[in-house]
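Please keep the sequence and the structure in view while reading.

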Amino acid sequence: MAKRGAFGRMGFVLAAAGSAVGLGNIWKFPYITYANEGGSFVLVYLLAIVAIGAPLMIAEILIGRRAQRSAVGAVAAMAQATGFGPRASRSFSGIGWLGIASGFVILSFYSVVAGWTLYYFGKCLWWSWHGFSPADAQSLGPMFSDFLADGRRQIFFHSLFSAFTMGVVMLGIEGGIEKASKILMPLLFGILSLLLLAASQWDGFSAAWRFLFHFGPINAEGILEAVGHAFFTLSLGMGAMITYGSYVSPKSSIPRSALVICLLDTLIALMASMVMFTIIFSIPEAERATSFSKSASIMFTTLPRMFYALPGGVVLAPVFFLLVGFGALTSTISLLEVVVSYFIDELGWSRKKATLIMGGLIFATGVPAALSLGAHGGLSSWAPLREGTAGVFDNLDYLASNWMLPIGGLCIALFAAFGVKSSITRTELEVGHGPWRAYGMWRLLLGLATPSAILWIVWNVIQGHRF
Ligand code: TRP
C-alpha cells in the first residue's frame, strides 16, 4: 500500500481550522446571530464551543491519530485495542459509516451554496468595474431569486466548485490539502482583518459591537440553534476530525491543536459578524428596516448594496465574496476527504480513482439539490421528512445537520468516553504534550456534558423542532 500522507504540525492546525471555518462561520453564524438578537445567543454559542465542542474535537483527533486510519477503520481499531471482539468492533465501525454518509450528504448541498459565492464574486467584479447603479441596488432581491431558480446557472457553479474540491483532494494530503490550507487560511485571515479594519472606520462599528456582546433575552429555540451550530461549525460529528487526525504526527499535542482550532474558528465567526453587522448598522435606520430581512439570503441580497454605499466598497465587495469562497473550499475538501479516505484506506483504491468516483457521485447528488431551489417544481416542493422542510436541498440540510451530525456526535462522544480504555486515551493525549492535567475534566465533559447536550438536541428534533 502507498505510504499514508502526513501533515506537518502547522499544516494540520491550518487544515483542520480550514475545515472548521467555512460557510458556517461567514454566512450562517452572522445571520442566525442576527435572527436571535445577538448578545446571549453568542454567549451560549461560546459556552457550547468550550464545554461541548472542544472535548469532542479532542476525542475525534485522538481516535484518528491513534488508529492511523480514516473513520470506519479507526473506530474498529480502537474497539479492538480495547478488547472488543471482531464482531463488536465491526458494529462500532458503523459510527464511521454514518460519518461517511454525512460527509456525502453535506457536501452535495454545501457545494451548491459554495458555488453562489463564485457567482457573486464575478458579479461584484463586474459591478466594481462598470458601476453599481441604484437600479442594481433595487433588483438585488429579485436577482437572487432568479439566480436560485435558474437551474443551468445553479448546476454550472455547483460543478465549478466540485471541480475545485476534487482537484485539491486529488493532489493528496501534503501537496493538496495542506498546501491549499497554508495558502488559503492566512489569506482568508488577512482579508477578514482588512475588512474589519475598514469596518472600524464606519459609523455602525460600535453598534455592531454592542449588538454582539450584550445580555439580552434568549429562548429555547435560540439555545437549540446555538448548540447545534457549535457542532456544525467545528466540523464535528462525522469523523472529519478523525480523518484529519489520522494524518497528524506524534509530535503534535492534540489538546493544544484542538484549542487553537476552536479559537480560530470562533475568532473568524466573530470577525465576520462584526464586519457584517457594521455594514448593516451603518445604513440609516429607516432604510435598514425596509431592506433587511432576517433570512439566510442577507449575505447575497443586502451586502452588495451596502458595500457599494460605503467608502472602499468597490474593492471590498468582490474581495469579500472571494474570501467566503476560500473558506468554503477548505471545508469542502475536508468533507470529500472523509469519503475518499475510506476507499483508499479500506479498499485500497488509488486516490485518483476514489476522488473521481466519489466526487462524481456526490456532485450528481447535488444536482437535484441545485434544481430544487425553484428551477424544478417537483424537486422544490418535495417534503418527505417534515412539514415545512421542502425541496431536496432543504431536506438534505435538515437530515444532515439535525439528525446525522448530532447522532454521529453522540456516538463518537460515548464511544471515546466509555468504549475506549482510558489508558489508551490518556496515553494518546499525552503523546507530544506531556502530562495533561485536564484529562479528568475532559472525560467528564465528554462523558456527561456533550452527550446530555446532544440528547437534548435530538429530543427537540424528535418533537419536530428544527435548527
Ligand atoms: N465546519 C464547516 C463550516 O462551518 C462545514 C463543515 C466542513 C462540516 N466539514 C464538516 C460540518 C464536517 C460538519 C462536518 O462551514
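The model is predicted, so local features need pLDDT of at least 70 and side-chain atom pairs count only at pLDDT 80 or more, whereas totals for chains, interfaces and linings use all residues. Residues are numbered from 1 along each chain as its sequence is written, and side-chain values use heavy atoms, with hydrogens and water left out.

**Contacts of the ligand**

The table lists polar pairs, for which the cut-off is two N or O atoms within 3.5 Å.

| Protein atom | Ligand atom | Distance |
|---|---|---|
| L23, backbone N or O | oxygen | 3.2 Å |
| G24, polar backbone atom | oxygen | 2.8 Å |
| Y110, side-chain N or O | oxygen | 2.5 Å |

On its own the ligand has 360 Å² of accessible area, and the protein covers 100% of it; such areas come from the Shrake-Rupley method with a 1.4 Å probe. Helices here are DSSP runs of H or I with at least four residues, numbered from the N terminus.

**Cavities**

How many cavities of 30 Å³ or more does the structure hold? There are two. A cavity is a set of points, on a 1 Å grid over the protein atoms alone, where a 1.4 Å probe fits but cannot get out, and its lining residues have an atom within 4 Å of a point. A volume is the space filled by probe spheres set on the points.

The largest cavity holds about 150 Å³ of space. Of the 17 residues that line it, S19, Y110, F232, S235 and L335 are the closest to its centre. The ligand takes up the space of this largest cavity, meaning that more than half of its atoms lie within 2 Å of the grid points. The lining has 10 nonpolar, seven polar and no charged residues.

The second largest cavity has a volume of about 70 Å³. Its lining includes L107, S108, H158 and F363. The largest share of this lining, four residues, comes from α9.

Key: A polar contact is a pair of N or O atoms within 3.5 Å; within protein, one must be able to donate a hydrogen and the other to accept it, and residues adjacent in sequence count only if both atoms are side-chain atoms. On a 1 Å grid over the protein atoms alone, a cavity is a set of points where a 1.4 Å probe fits but cannot get out, and a pocket is an open set with protein on both sides within 12 Å along at least five of seven lines; lining residues have an atom within 4 Å of a point. Ala, Val, Leu, Ile, Met, Phe, Trp, Tyr, Cys and Pro count as nonpolar, Asp, Glu, Lys and Arg as charged, and the others, Gly among them, as polar. Helices (H or I, at least four residues) and strands (E, at least two) are DSSP runs, numbered from the N terminus.
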